[in-house]
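Biologist: Please take a close look at one part of this model for me, the hairpins. Then connect that part to whatever else you can describe.

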Amino acid sequence: MSTEETVEKFKLLGLSEQKAKETLKNANVTKFLLASLEEVDIQNISSSTGLLIYHLATKIKPQISDKLSFICKYIVDGKFDSTLRVDAALEYLLSHVNEPKVDVDDFESACGVGVVITPEQVEQAVEKHMAKYKQELIEKRYRFNSGIVMQAVRADLKWADGKAIKNEVDVQILDLLGPKTEADLAPIPKAEKKPKGGDANKKIKKEETQSKNASEASVSSGEISGALSMPELMKKLPFHAPGENYKSDGYVVTPNTKRLLEEHLKITSGKVRTRFPPEPNGILHIGHAKAININFGYASAHDGVCFLRYDDTNPEKEEEKFFIGIKDMVEWLGYKPYKITHSSDYFDQLYEWAVKLITKDLAYVCHQKSEEIKGFNPPPSPWRNRPVEESLQLFEDMKNGKIDEGEATLRMKITLEEGKQDPVAYRIKFKPHHRTGNKWCIYPTYDYTHCLCDSIEHITHSLCTKEFQSRRSSYYWLCNALDIYCPVQWEYGRLNVNYTVVSKRKIGKLIDEGIVNDWDDPRLFTLTALRRRGVPAAAINAFCAALGVTGAVGAVDPSMLDAAVRDALNATAPRVMVVLEPLKITITNFESGKPLTVKVPDFPNEPEKGSHSVVLDKVVFIEATDFKEEPEKGYRRLTPTQSVGLRHAGYVLKVSKVIKDTTGKVTELECTAESTESADKPKAFIHWVSQPISVEVRLYEPLFKHKNPEDPSEVPGGFVSDCRADTLRAVRACADASLRAARVYDKFQFERIGFFSVDPDSSPTNMVFNRTVSLKEDAGK
């Protein structure tokens, strides 16, 4: 059938031409719709019946597609006269998917067949519920939310027509209130917002929020995005309830599914179970943060549990430091694993199941080399049909170390969605395992291990990134082939960030080349690096929540993470004064015989949060850029003819003398100070320090020049060639003496400069601070 003919057929159902063409783009709906049309006399059905058949095609799941004809007959016979009844039929059939024969009486009862709701019943139900809200209706008039009444009526009269309920509610409201007045039609007046202090900071925050929202809109094309928090986001996800696996698209139902799900629910008590299964062969990066938040967050939001399972099936690359590092990062993000497990915990069971697969002639030992079976069109294995007994003996020989590494693998008899045939289940590796020692010389692959460990741990929702969608069929096939509980795999788009690399191999290359110092170098986007830079865990979690959970794979700009960091630190990082490029000022009329104590609020807009004291002495230091001998137009800070205020001190400085070195560079100023109460109001107030401590401040810049450093079309010379020079500048700064007591990872806002965090390199004699993020988005660029 041609496209034009199909469109014409769809139009006979009552669809517009545009809707018919849009439907053709969805292969599944088109398939079910064409199958439905084979069951009805399309020339002799009403448009309302046609639209119900269209609704059926859009809602039916593959698991019950064999009941398509059965439902169509009810629609054509007029027994299903609304989408409500069609949806109830689909829900019933899904719930009884394991039953070979439909109990017609029970089915019709569940779908309301033969139930007639009269206009009188609707009128009486509306009257009953309107009476409950009569006073509120009179007060709010037409601004009353009538949806509350309609929902209550729907609860009483499940099979009532929605339009009939709405019409009756509207009629009864009109009877009670009469026609709308001018006051009813007038827009609701908006409450005036009074400006508060800190308008400049609020403007910056508003701009950042607008920028962040724009980024969210471009990345999260799905419907679940931009949540305020991770728990809120997780509660919105349309995933199946525990035990209702069979309702998920693509889930494969077998004659034993019902029994296995019942056993599963007894073990889990109906609780949600998820898992975060990293490979312990590297450090976690920003992409893992999204996976951690989704897996732990979904379990937490539904009062469930989440396992931290190390996928330790490759003994060559696994190190103890990675196990520790992964656990530390999960806990740093605020999550506590229900249980810490390892794939290696189940090696004995996995081996037994592999033997069972061979016994069922669903797996075989193959001698093709790894290079022969790479790619998408490798030659078929000449050993695919070898006798079961032969494969059983060879597999035991593999386990007992009688076959050399690379000379044999165990392969499963299945073709993946991507076309790859017979994925490897076991390979030989003569490497001791960190937990099992030398017990094994064969190790299972991800394709084999992942779903089976999920089954053993009775995971309800196997949440993974989109690239694993092509393995979903093998996931279900393997569980069902072994006749064990089968979880549901859900996929979401992975998180990619521009201007960085996260591959373990590529980060290793940057370390080897001396471009970065280690895995936790603050210029990287590993989680340890972000923590060291001073990024709060709360900011990463908020960033992940803002991205949403969609199937779209997109890349976001680091500025979106920066915006989340500013939001978090703005509320939590106390303000201190630090001068990065000190210029000495001597106050010539400093009359006090001893230094003054100045109280500085930790959060100027919220003084109730506390304060700290600083010293004001005869000698102070300001930023060199806060003085210009020959200022440009619009310069608002200190000049030979323009005064400036000292923040928090209550004094205004005026230059009386400029001191220079032999090269003409300004090295010192002599100024007079006057109280802000008597002096003319200056154009600006600047930060300063007096009797400071010397600290090291590390100022980091983005590591790469291009958005996609791994893209050969964008960076032909490779990602290493794209690294910028001078991405780290260390300066000696003069700091508020109160910072002497700061501890590693403590965070501060250096007033007028940015947010900074104490680096682990700090010592009692040398405090080190890393710039986390500038105060404004463009300030650090």
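**Hairpins and their surroundings**

Modeller: Four residues lie between the strands in the hairpin of S18 and S19, and His648 there takes a positive phi near 70°. Keep in mind that this is a predicted model. S18 covers residues 644-646 and S19 covers residues 651-660. The two strands pair in the antiparallel sense, over three bridges. Leu646 stands opposite Tyr651 in S19.

S20 spans residues 666-675 and pairs with S19 in the antiparallel sense, over nine bridges. The hairpin of S19 and S20 has five residues between the strands. Gly664 takes a positive phi near 95° in that hairpin. Strands of a sheet pair through backbone hydrogen bonds, either parallel or antiparallel.

Next, the open sheet. Seven strands make it up, in the order S12-S24-S25-S26-S22-S23-S13, and the pairing is mixed. S12 (575-576) and S13 (578-579) are the edge strands, each pairing on one side only. Helix H25, residues 558-572, packs on this sheet. H25 touches S12, S24, S25 and S26 (768-774). The direction of H25 makes about 115° with that of S26. Within the sheet, S24 (residues 747-750) and S25 (residues 754-758) pair in the antiparallel sense over four bridges. Phe750 stands opposite Gly754 in S25.

Strand S22 of that sheet order runs over residues 693-700 and holds Arg698. Is Arg698 buried or exposed? Arg698 counts as buried, because its relative accessibility is 13% and the cut-off for buried is under 20%. The side chain of Arg698 makes a polar contact of 3.4 Å with the side chain of Asp759. Beyond its neighbours within four places in sequence, Arg698 is in contact with Arg532, Leu728, Arg729, Ala730, Asp759, Asp761, Val768, Phe769, Asn770 and Arg771.

Now a strand elsewhere in the chain. S10 covers residues 495-497 and includes Asn496. Asn496 has 28% relative accessibility, so it counts as partly exposed. A polar contact of 3.4 Å joins the side chains of Asn496 and Arg494. Not counting residues up to four places away in sequence, Asn496 touches Val553, Gly554, Ala555 and Val556. The C-alpha atoms of Asn496 and Asp557 are separated by 8.9 Å, with the two residues 61 apart along the chain.

Two helix descriptions remain. H24 covers residues 537-547, and it is largely enclosed by the rest of the structure because nine of its eleven residues are buried. The buried ones are Ala537, Ala539, Ile540, Asn541, Phe543, Cys544, Ala545, Ala546 and Leu547.

The axes of H4 (residues 47-59) and H5 (residues 68-76) come within 10 Å and cross at roughly 155°. H4 is therefore roughly antiparallel to H5. Their crossing is right-handed. H4 contributes Thr49, Leu52, Ile53 and Leu56 to the contact. H5 contributes Leu68, Ile71, Cys72, Ile75 and Val76.

Notes. Residues are numbered from 1 along each chain as its sequence is written. This is a predicted model: local features need pLDDT of at least 70, side-chain atom pairs count only at pLDDT 80 or more; totals for chains, interfaces and linings use all residues. Side-chain values use heavy atoms; hydrogens and water are left out. Buried means under 20% relative accessible area, exposed over 50%, partly exposed in between (1.4 Å probe, protein chains only). A polar contact is a pair of N or O atoms within 3.5 Å; within protein, one must be able to donate a hydrogen and the other to accept it, and residues adjacent in sequence count only if both atoms are side-chain atoms. Contact means heavy atoms within 4.5 Å. Two strands pair if DSSP finds at least two bridges between them. Axes are lines fitted to C-alpha atoms, for helices over the stretch in contact, and angles run from 0 to 180 degrees between N-to-C directions. Angles under 35 degrees count as roughly parallel, over 145 as roughly antiparallel, 65 to 115 as roughly perpendicular and the rest as oblique. A crossing is left-handed if the near helix is turned anticlockwise from the far one by less than a right angle, and right-handed if clockwise.
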